[in-house]
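Biologist: I have this model open and want to go through it with you. Start with how you name the elements.

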Amino acid sequence: MRISFMISVLATMLMAFPNTSTAGSMLRASRSIGAPIGFPSACTRYAWLCHNTSSGDISDEKAMPLLKKINRDANSSVRPATDYATTGKAEYWSLPINNKGDCEDYALLKMKSLLDAGFPANKLAISVVIDRNGGNHVVLLARLKSGDYVLDNLAGSVKPWSSTGYTFLASQNFNNKSAWQVTLAGPRAAQFSGT
């Protein structure tokens, strides 16, 4: 995946506006930030991505089996491939093409599958992270009463955000789906906050 330019822009912006976010069950958003490259065009193609079509609550007991199933199904049905291999473009957010895609394509498929299953839209958000190896990555967040959980194409299990080892940079706003917010938290957060 090629979102390194976006990560460098985010890092520059984050250093200018440090956040005191600490690890907890829910990621805290500190301020607005521009959407990642590729996200605005995906919003144009997929109305469900940027509009709250449903809201409400879902119990953890009902949500967790659904999250695990959707994560497992998407991870097993999609084969990893770069945007260039599937579309000929360096960065293109879409649902998987011919059952192939990169991390944001998995995240979009998981979001759509959860929405189709009746999961509240205001409990789902795409998030840009730095993975444990320092690479750029995109995951899906699901907000439950017990905290924010990560659906990830690199992990078979659904985990609390604080257990992933990822540094969270920015996330889609849960309540305003076309907007993004800084959610600086995780092991390397201090590197981006200027502290």
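Modeller: Helices (H or I, at least four residues) and strands (E, at least two) are DSSP runs, and they are numbered from the N terminus. Keep in mind that the model is predicted.

Biologist: Noted. What is the mean pLDDT of the chain?

Modeller: The mean is 88, and 87% of the residues reach 70 or more.

Biologist: And where does pLDDT stay under 50?

Modeller: Over residues 7–24. The model has 34 contacts beyond four places in sequence for that stretch.

Biologist: On to the sheet. What is the strand order?

Modeller: E1-E9-E8-E4-E5-E6-E7, which makes an open sheet of 7 strands with antiparallel pairing.

Biologist: Which strands stand at the edges?

Modeller: E1 (32–33) and E7 (159–160). Each has a single partner strand, so one side of each lacks a neighbour in the sheet.

Biologist: How many residues are there between E5 and E6?

Modeller: There are 2, and the two strands form a hairpin. E5 covers residues 136–144 and E6 covers 147–151, with 5 bridges joining them in the antiparallel sense. Within that pairing, Ala-142 is opposite Tyr-149, and Arg-143 has Asp-148 as its bridge partner.

Biologist: What about E6 on its E7 side, how many bridges there?

Modeller: E6 and E7 run antiparallel and are joined by 2 bridges. Val-150 is opposite Lys-159 of E7.

Biologist: Is E6 buried or exposed?

Modeller: Buried: 5 of its 5 residues are, so the strand is largely enclosed by the rest of the structure.

Biologist: Which helices lie across E5 and E6?

Modeller: H4, residues 60–77, lies across E5 and E6 and runs at about 155° to E5. H6, residues 103–116, lies across E5 and E6 too, along with E4 (124–130) and E8 (167–172), and its angle to E5 is about 20°.

Biologist: Which residues touch the most other members of the largest nonpolar core?

Modeller: Leu-49, Leu-67, Phe-119 and Ile-126, out of 40 residues in that core. H6 gives the most to it, with 6 residues.

Biologist: What is Phe-119 in contact with?

Modeller: Beyond four places in sequence, its contacts are Ser-54, Ile-58, Ala-63, Leu-66, Leu-67, Leu-114, Leu-124, Ala-142 and Leu-144. There is also a second, separate core of 11 residues, with Val-129, Val-139, Phe-168 and Phe-174 among them.

Biologist: Back to Arg-143. Which backbone oxygen does its side chain reach?

Modeller: That of Leu-27, at 3.1 Å. Arg-143 is in E5, and leaving aside neighbours within four places, it is in contact with Met-26, Leu-27, Lys-123, Asp-148 and Phe-174.

Biologist: Where is Asn-99 placed?

Modeller: In the loop between H5 and E3. Asn-98 is in the loop between H5 (83–87) and E3 (100–101).

Biologist: Asn-98, buried or exposed?

Modeller: Exposed, with a relative accessible area of 66%. The cut-off for exposed is over 50%, and Asn-99 has a relative accessible area of 45%, so Asn-99 is partly exposed.

How values were computed: Residues are numbered from 1 along each chain as its sequence is written. This is a predicted model: local features need pLDDT of at least 70, side-chain atom pairs count only at pLDDT 80 or more; totals for chains, interfaces and linings use all residues. Side-chain values use heavy atoms; hydrogens and water are left out. Two strands pair if DSSP finds at least two bridges between them. Contact means heavy atoms within 4.5 Å. Axes are lines fitted to C-alpha atoms, for helices over the stretch in contact, and angles run from 0 to 180 degrees between N-to-C directions. A nonpolar core is a set of buried Ala, Val, Leu, Ile, Met, Phe, Trp, Tyr and Cys residues joined through side-chain atoms within 4.5 Å. Buried means under 20% relative accessible area, exposed over 50%, partly exposed in between (1.4 Å probe, protein chains only). A polar contact is a pair of N or O atoms within 3.5 Å; within protein, one must be able to donate a hydrogen and the other to accept it, and residues adjacent in sequence count only if both atoms are side-chain atoms. pLDDT is the predictor's confidence in each residue, from 0 to 100.
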